[in-house]
Amino acid sequence: MAPVASCTTGIERFLTLKAPHVEDFELVTEEGETPQQMLDKANVLVIGAGGLGCEILKDLVMSGFKNIHVIDMDTIDVSNLNRQFLFRKKDVGKPKAEVAAEFIRQRSPDVNITAHYKRIQDMPEEFYLSLSLIVCGLDSIEARRWINAFIYNLAERHGYEGFKPIIDGGTEGLRGNMRVILPKHNACFDCGLDMYPPKTTYPICTIANTPRLPEHCIEWASVLEWPRIFPDKKLDGDDVDHINWVVEQASQRAASFNISGITFSLAQGVVKNIIPAIASTNAIIAAACVNEAVKLITSCNKYLDNSMLYTGDAGVYFFAYPLFQSETCLVCGQKEGSMDALSTSTLEDLITALKEHSVFQLKAPSLTYGETSLYFQKPKMLEEQTRPNLSKSLNDLFDSGSTLTVTDPTLPTSLRVTVNFSDKAS
Amino acid sequence: MRTDSDKAQLYDRQLRLWQKDGQAALEQARVVVFGSSTLASESLKNLVLPAPVGVGEFVVVDDAQISDGDIRTNFFVRPADLGLSRAQSIVDNLCEMNPDVHGSAIAKAPTEFVELIQKSGSESELLDSASLVVACAQPEAVVRALASRCWSANIPIIAVTNAGFIAEIRTAVYEHSIVESHASGRPDLRVMAPFTALRDYADSINLDALDSTDLAHVPLVVLLIKAIDKWAAANNTKASGLSLSQTKEIAALLRQMAPTPGEENFEEAASATNTSCTDYELPGEVKLILDDAAAKTVNAQTSNFWLLVNALRRYLESEYSQGMLPHSGAIPDMKADTLSYVNLQRIYKQKAEADKREFLCHLHDVLHDADLPTDHVSSEQVDAFCRNASKLRLVRTHPLDQDVREVPPMAEDLQGGGVLPHYALFRAADMFAVKHKRHPGIVDAKPNMDIDELCKQDAQELLTMAKELLSSWQIEEEVADELAAEFVRSGFMELHNVSAVAGGVVAQEAIKLITHQYVPHNGICIIDTANSIMASC
C-alpha cells in the first residue's frame, strides 16, 4: 500500500500513484529506484537567468528538483525588474546568475544551487556530461544554436552518457514557444531555424540615401555616423549619453528629410534590437518547460512531442505539433551545406549570403579553402592580412564546386560548404 | 513614488506593448482574488510586477493556513510562516517584489464571504469596486455566486482551477469593447478608389517622362493606381470586383512596366495586387459591431464606445465616406525616394484628419441626440477610435452562473477542441465534492482504505457523473477511463508548473481586460499537459 496519506504536495502524490496514461510507469524500477529519487538526484542546468530563467528556477525548486546549476554572463539592468522577479533595485549591476541563485537559496535552503557567471562556451565538457537535462531560457539564437550543436556532438561521441535532453523556451511580447529536444532522436534546434527569421535589417542604400522611416535615421546615426565620429568607442545601448547622441543626430537628419517620430525609446529599441517582454508570457513558457522536465525525469506522464506555440494577443491559443528533423539541417541532417553564387560576385557577397541564408544564418563567418585562409574575422593581424580577399571575385579565389571550411561563433565545430557558381556549370 | 522617467525605464519592455494608456489603466485597477493557493500567487505575481500602483490595490480573500505542502509548492509563502494566514503571507511577499505596491488580505473563507454578500450584502462593496475578480480553485457554488454578481455589474471575472496536469480557465464578461486591439490587418491604401488628393498626386506623375533611376523610386501606391488605370483602359471597363485572374493580369502588367526586370518597387507593387486590388470591404468584426443592437440607439447612459460606434454608423451612411471607414493615416514602408514617400504619407495623414473632422460632426449629432455635452468624449478617445476604426473588437462571453445541467456554452467548440470530456469532468468533480464533502481521490476521508482501490472507485463514480452530465446536455461524447483516472490521480492538488502556466494565462487575460487592449479569449480554455491537448474557445 502506497504511503499517500503523507503526501503534502501534488507532485509527491503523482510520483507514488499509477499513471493512467503511461503503461510502463514504474513506482519502483528494477534497480530499486523510485520516481521521487530520480527527481531528487537529477542534475539540471538552467541557461539564462533573465525573464525566463528566473521563472524556470522558481518552477524547478517548487517541483522538487534539488540539484540546479544556473549560468548567465549578464548583469542586472533596471529594465529587467518588471519581470525578473528574483532581482531588486539594490541588485542592479550585479551578475544575474549569482543574485538569482542567492534568492533561491534563501527561499529554499535545502536546494543545492550553483551559479556560473560565465559564457556557456567556458564550461568544461565534464560539466555538461554530469547533467541530466538542460532548460534554456535565452533570448539569443546564437547561444541556443551553440548549445544545441554542442550537446548533439556530445551525444554522438558519448552515446547514452552524453544524451542530455534540452527543453528550450522563447518569448516575444504576448507570444512564445517551447521545444523538447532529444538529441539524435528528434528535431534539433537548427531543424526549426527558419521559424526564427533573422533580425530586421535596413538596406544600407536606404539608410544612406533614401530614408523614409524614423528607424532609417536612427540606423544612419548609430551604424554609419557613430563609427565615423568615434572610431575607437563602441556604441553602448545602455549608456544614456550614447543614445541621446544618436537621438540628436537622427533628429537632425529626420528634420532635413521631413520625417518625424524620433524618440529616445524608439532609438534605444532600434540600437539594442529590444524585444518587448512581460512577466505573464515568461511565466507560461517557463512553467510549460519545467512541466516537461518533470515528465522527462520521472516518466510520470507523456512528454510533449515535441513543439508548442503560444499566442495571446488575440484570444488564448496553444498549439502542440511535432517538428520533424530537417534533411538540410547543418547539425543533425547533412553535415555539409551548399551555396549557389555568381562567379563574379565577391567574397564579401558570399559572407553576406552566409549570414542571411535561412539554413546558415551565421554571425561572423571565417572561411578557408584547403590550406588558404580566405578571410578571418579574428585575430586582428589575420583579419588585416585576409581583408584584401573580400573584394576579389570568387572565381579568382577558387573553382566552382569547391568546398570551403567555415567557422562561426554560433557553431562549436567547423562546417563544410560547397560553393557552386550558378553562372557556370561546375 | 517613482518619477515618470524611472517608470519609463523600469517598465520599458511592457510599455512597448501597451503604451502609457495601458499602463495607466493597470495602475488604476483594483483586483480582488479569492483563494491564496499557488494559482492565486502565480496569477498575482504577473500583475504586481508590471503595475505597482493600482493593481497594488489588490485584495486576497482566504482563510487558509500555511501547510508544509504550501511551503514546498507556493513560492510566495515564507518557510517561517508555517501555520499563519496564507493570504497575508502571499500579499506580503508579493508586495516585497515591488515597493510601490498596496495589497491587503481578508482572512475569511470565500464561501463565507459569498454567503454574507448573498444574505446581507455586507461585503458587496469590495466586489462592486473591483475592476476584475479572480476565483482561484474555488468550489462551483462560490464561482457562480461571484459570477452572478459580477455579471450584473459588468465586472469581468476569471475562474481558474487545476487538477494536476490539467487546468481550466474560464472568463465571463457581459460586454467588453476594444478599440486598440493591435490586430494586424492588410494595409489600407485605397488604390481601387483613390480619394481626390491621392488621385491628383498619382496624376501629377508621368511615368513615361521618368528615366530608369527615377522610375525605380516611384512608390507602389502610384504604380498600382497607374497599372489599374492602364488595365481598365485596355479592357474598356471599370476596375472593380476583379477576379483572381484579372488581378494577376495587373500584376503582370506591373512587371512589364518595370524599367529593368525585377526592379524592386515594381515587384513590390506586383505582389501587393493580391491585397490591394480588391473592392473595399468593412472587416467582418467591425460589421458585426455596427449591426449590434447597442449601436442603434443612444441616450445619456450609453457608454462612450457605443456613442462612437453610433457616430460611425452615421458616418458610413454619409455621402462623404462612400461606405469606407475613417482612414488611420498610416501606410506601410515601401521602396521609394524620401520626398515621394513623405509626400504620400502627408496625403494619407491629411485624409485621416479630414475623415476625423467629418466623423466629429456625426459624433456631435449623436451627443446632441443623447443630451450629452459635445466634450463628453475626449479628443484622445476620438483620435484612438478613428485610428483604429478597422480594428474594433467586441467580446461578450456566456455567463458562468448557469445551471450545470444545461448545455454548456460553446459545447461544440469544446467538442471540436477535444476537451468536452475535460469540461464535463471538472463539473462532475465539483458535484462529487459537494456530495462526498471531499475531492475525488483524497484518502484522508477513509484512512484505512487502500489508495489504489479508492482511486479506482472514485474514478468510476466520477466517470459516471460526467457521462450523466453529457447525457443531460444531450451530447454524444466518449469520456476515456484514463482521463477520469488522471483527474482522480491528481487528488485535485495543484502542480506548481501547471498552476504557473494557468496563472500566466489568467494574468495575460486580466491585463487585456483591464487595459482594453488586445483581445481576450471567448470564455473557456482547457490545458491538458498529460495529453498535450490545449484548447481555447
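This is a predicted model: local features need pLDDT of at least 70, side-chain atom pairs count only at pLDDT 80 or more; totals for chains, interfaces and linings use all residues.
## Getting to know chain B

Let's start with the overall picture. Chain B has 537 residues, and 49% of them count as buried. Its secondary structure comes to 22 helices and 10 strands. If you follow the C-alpha trace along its principal axes, chain B spans about 95 × 50 × 45 Å.

How do the contacts in chain B relate to the sequence? Take the contacts between residues at least 6 apart in sequence: 72% of these join residues at least 24 apart.

## The nonpolar cores

Here's some background first: in soluble globular proteins, nonpolar side chains tend to be buried together. In this model, the largest nonpolar core has 238 residues. Which residues have the most contacts inside it? They are V33(B) and L462(B). The largest share of this core comes from chain A, where helix α11 (residues 279-298) supplies 12 residues.

Now zoom in on V33(B). Leaving out residues up to four places away in sequence, V33(B) touches A40(B), L44(B), F58(B), V59(B), V60(B), V61(B), V134(B) and C136(B). There is also a second, separate core of 30 residues, and L198(B), V218(B), A251(B) and F266(B) are among them.

## Where the chains meet

The contact between the two chains takes 71 residues from chain B and 60 residues from chain A. On the side of chain B, the largest share is 12 residues from helix α22 (residues 496-515).

What kinds of residues does chain B bring to this contact? Its side has 31 nonpolar, 23 polar and 17 charged residues.

## A set of paired strands in chain A

Have a look at strand β10 (residues 366-369) of chain A, which pairs with two other strands. With β12 (residues 402-407) of chain A, β10(A) runs antiparallel, joined by 3 bridges. One pair to find on screen is L367(A) and its bridge partner V406(A) in β12(A).

β10(A) also pairs with β11(A), again in the antiparallel sense and over 3 bridges. Here, T368(A) has S373(A) in β11(A) as its bridge partner. These two strands form a hairpin with 2 residues between them, and G370(A) in the turn has a positive phi of about 60 degrees.

Most residues other than glycine have a negative phi, and most peptide bonds are trans. The peptide bond from D305(A) to N306(A) is cis, with omega near -20 degrees. You'll find N306(A) in the loop between α11 and β7 (307-311) of chain A. Another cis bond runs from K378(A) to P379(A), with omega near -10 degrees. P379(A) lies in the loop between β11 (372-375) and α13 (380-386) of chain A.

K184(A) has a phi of about 75 degrees and sits in the loop between β6 (175-181) and α7 (204-208) of chain A. Is K184(A) buried or partly exposed? K184(A) has 15 other C-beta atoms within 10 Å, so it counts as partly exposed. S299(A) has a positive phi of about 60 degrees, and its place is in the loop between α11 and β7 of chain A. S299(A) counts as partly exposed because it has 18 C-beta neighbours inside 10 Å.

Note on methods: Residues are numbered from 1 along each chain as its sequence is written. Chains are lettered from A and ligands numbered from 1 in the order in which they are written. A nonpolar core is a set of buried Ala, Val, Leu, Ile, Met, Phe, Trp, Tyr and Cys residues joined through C-beta atoms within 7 Å. A residue is buried if 20 or more other C-beta atoms lie within 10 Å of its own, exposed if 12 or fewer, and partly exposed in between; C-beta atoms are placed from the backbone. Helices (H or I, at least four residues) and strands (E, at least two) are DSSP runs, numbered from the N terminus. Two residues are in contact if their C-beta atoms, placed from the backbone, lie within 7 Å. Ala, Val, Leu, Ile, Met, Phe, Trp, Tyr, Cys and Pro count as nonpolar, Asp, Glu, Lys and Arg as charged, and the others, Gly among them, as polar. Two strands pair if DSSP finds at least two bridges between them.
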